[in-house]
Structures are given as structure tokens and as C-alpha cells.
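Student: I've got a chain to go through, and I'd like every label tied to its cut-off. Can we take it term by term?

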Amino acid sequence: MSLIWFSWDIHNGWTDWNDHLIQLPIIRLVISGRPNVMIFFVISGYALSNKPLSLIRKGEYPKMYQGLASSIFRRHPRLFVPAVLICLPAWPIAYFGGFNGEAMPGAAIGTKNPPRFDTIWGQFGNYVTTLLALSDIYSPTDIDWAYSDSLWTLPIEFKGSLVIFTMLIALSRCTTRARVFITLGVAFYSFWYFHWGELLFIGGMLAVELGLRSQRSDRAERAAFDDAEVRRSKLFWSAPFRTKAFRRLCGIAAFLAALLILGMPEQGRGAPNSYGFKILSELIPAHFHAGGAADYFWRPLGAIFVVLVIDNVRFLQKIFTTRLAQYLGRVSFALYLVHMLILHSLGFWLGKYFLQLTGSESYWRYAAGVSLAALVDGCVTIWAADLGSRFVDAKAVRFTVWAYGKLCKRTVEK
């Protein structure tokens, strides 16, 4: 959202007090799109592998295999059917010229300008053709869709999902130690050869493994502390380190460190000269610089670290289990699908309209106009996402479950 109303400078690293406060470490995550996408990929890997890994540890292999078969069958339509339907308004918007607007003065990017056709059905044909290319499972994962610039993540999401499903099946009969060791090897391979999307999904799978191990360790530790002799054997000087306050302090410190790493500016945006990131920039291996992937060294690790911390620090989970957070989680996929579509059509028009009212002669006037535009655009986006989640996304999930039940056998034959 920030790029259609402001220049690229707002994404530069913070170097002195003349810069915007939004450029400060951690705070910059509010306007950073790519780090949030990385978090989404880690969470996807976590969600896809949580139940199968739990069943593997319980030894319920038939149930796990049936669940994976259903997930693999439904994954493509689960991702692309909502995208096709929720983004359908892009077709008439493009035909009636809703995208054809001039960029804001000094803005980093302009509005999307998909090709316009003489007939509305010609426009529809172009919409379908470009979507088919986007949803092609054999196509490259760096396709830029002409009608919105947010759907580039769906091919990566689908590819990462297949990697997780394949690893779960291949490693299901391995011991826990062997499975974790092999998964770490695949993660390192993906990391070293710049497959950051797959790395993030595998990172989510590793987070589940660590979480399941942590639950087992917690139960063993509680059982040990129930023994009076074990409690007396604890050294007195270690007592402060076992307090709830100390554990919370460590959790907060780890969470802030993870956010700091995740919010690292791009190398071309002043990361080597930014406060908080100079040392991190120097630690990036030359291999990543040579491969043009220096920006994908720390940030994927930061995304995995964030999910690991939240998954293991229980009091932090309260932030993400409030009613507002749960609601945003439910509509998050639809919100992601519609936000750029609305921004590139309504958002541009709102920005120009409110700037005519507030003026743009000073920084504060410009900020006031943009803030009003963002407020209205945000409300419309949430409303559209709510409708899309209720009437498209949820129904698409139920449809894929119904289709799988109709087309496939319910039990595995012996």
C-alpha cells in the first residue's frame, strides 16, 4: 500500500533522525510486504505438517496417509478456485477503465494497466487466459499477473505445499531423529541454492517437530519436578533463572530479535549503512551476494525464528488468539487476494480525491490526504475480504472436501 502513495525512499533503512520513523527497525514491518509473505509461507508449512506429524508420532499411519491423499487432491483447487472467483471483478474493472489512472506524484509504482479489449467478452477471455497461465503447475513461479500483483505467491505456495507433502510421505516411516536430520539437510540445500519459498515451508515443518518435542519435554520436566528429591537437588543460584518473569523476559527478547532480523532492509535500500543491520549485512556470505540473493539470507531465517518463538512462548500467543486476531486470520487469504486489486483501482482514485481536499503543498497535508484514503480503502478492503471469505473461500473449501468424498474411496483397501 505504501508504494502507490510514497516513493521507494520510505523502504530505505533508517540512518539518521531525518528519516521517517516508519523506517526504524521492527516498525518498518508495518509497510514491508515481502517479510509478511515469508511469515505466511512458514505458517502454511506449519499448518500442512502439524496433523500428519502428530499422527506419525502416534503411529497412526493409515489415518495419516488418507489425510495426505485428501490434502494433495484438494490443494490446487483450494488455492486457485478462490483466487479465480474473488478476483473476478478485475475483469469488468479493466474493461471499463478502472485501472487506467496516472501514478501519484513521486510514488514508487503506478496502477496496474492490463490490456483493454473492444468487447467485455474479449476482456473476459484475456482474464481467463492469464489466470490459466498463473495456475499452471508446470510454469515458472515468478509470473506477474496483469490484473493484480499479489497472486505471484500462489505458484510458490503450491510448489512449497507439494514439497511438504512429498517429505511427509517419504519420511513417514523414519525415526524422529532421522526425519529431523534429513529435513534439516533439505532445508539447508534449499537455503544454499536460493529456494527461499521451499525453505520457509520446510521451516514450518521443522517448527512443528520442535513443538512436538517441546510438549514431550514439558511433560517429562513436570513429572520430574513433582519429585521432592529432584526439587531439593536444584542449586539455589539457579532459582532466578527458573522464574516466570525471567522466562518471559527471554521470550520477549527472542521475539524482538526475530522481528529485527525479519525487518532487515534490502541491500539496495541501505541495509549496510542502517542502524541495527550493519553487522548482519557484513555476515552475509559472498555466495549469496554472487547469486543476487543477499536479501534472502537473513529474512527467511527471521521469519522461521518468529514462528518458532511464538509457538514456544505461550504468553505471546495471547496476542494472536484475541477475537480480532482470529477474525483477521479467517479472512486473511481473501484479504490477501483483494487488497491489491482494490488498491490499484479504488485506492488510486481515493488518493487523488483526498489530496485535492487536503492539498499536497506540505508533508503533513500530503500525509493527511493519504491517511484518509488509506482509511477508506482499508474499510472497503476488509468488507470485500469478509464477503470473499464467507461466500467464496469457505464454500471452496467445502466444495473440495465434497468432491474428494464423491470421487475417491473413503478407506484404503488392505
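Predicted model: local features only at pLDDT ≥ 70, side-chain atom pairs only at ≥ 80, totals over all residues.

Tutor: Residues are numbered from 1 along each chain as its sequence is written, and side-chain values use heavy atoms, with hydrogens and water left out.

Student: What makes a stretch count as a helix, and how many helices are there?

Tutor: Helices are DSSP runs of H or I with at least four residues, strands are runs of E with at least two, and both are numbered from the N terminus. The chain has 15 helices and zero strands.

Student: How do you know what span to expect for helix 5, and what does helix 5 reach?

Tutor: The expected span is 1.5 Å times one less than the number of residues. Helix 5 (residues 153–170) has 18 residues, and its first and last C-alpha atoms are 26 Å apart, close to the 26 Å expected.

Student: Why is leucine 162 called partly exposed?

Tutor: Buried means under 20% relative accessible area and exposed means over 50%, with partly exposed in between (1.4 Å probe, protein chains only). Leucine 162 has 32%, so it's partly exposed. Leucine 162 lies in helix 5, whose buried residues include Leu154, Ile156 and Phe158. Over the whole chain, 40% of the 414 residues count as buried.

Student: And why is glycine 369 called buried?

Tutor: Glycine 369 has 0% relative accessibility, so it counts as buried. Glycine 369 lies in helix 15 (residues 363–407). Contact means heavy atoms within 4.5 Å, and glycine 369 is in contact with Phe354, Leu355 and Thr358, leaving aside neighbours within four places in sequence.

Student: What makes a set of residues a nonpolar core?

Tutor: The members are buried Ala, Val, Leu, Ile, Met, Phe, Trp, Tyr and Cys residues, joined through side-chain atoms within 4.5 Å. The largest nonpolar core has 53 residues, and Leu200 and Val306 touch the most other members. Among the elements giving two or more residues to this core are helix 1 (33–58), helix 7 (196–225) and helix 12 (298–312). Apart from it lies another core, of 26 residues, including Phe80 and Leu154.

Student: Why is the pairing of glutamate 157 and arginine 75 called a salt bridge, and what does the pair tie together?

Tutor: A salt bridge needs a side-chain nitrogen of Lys or Arg within 4 Å of a carboxyl oxygen of Asp or Glu. Glutamate 157 and arginine 75 meet at 2.7 Å, N to O, in a salt bridge. Glutamate 157 lies in helix 5 and arginine 75 in helix 2, so the pair ties together parts that are 82 residues apart in sequence. Glutamate 157 counts as buried at 3% relative accessibility, and arginine 75 is buried at 11%.

Student: How many salt bridges does the rule give?

Tutor: The count comes to six. One of them joins aspartate 393 and arginine 78, with the closest N and O atoms 2.8 Å apart. That pair links distant parts of the chain, helix 15 and helix 2, 315 residues apart. Another is arginine 179 with glutamate 209, at 2.6 Å between the closest N and O atoms. Arginine 179 and glutamate 209 are both buried, and salt bridges that share partners join Arg57, Arg179 and Glu209 into one network.
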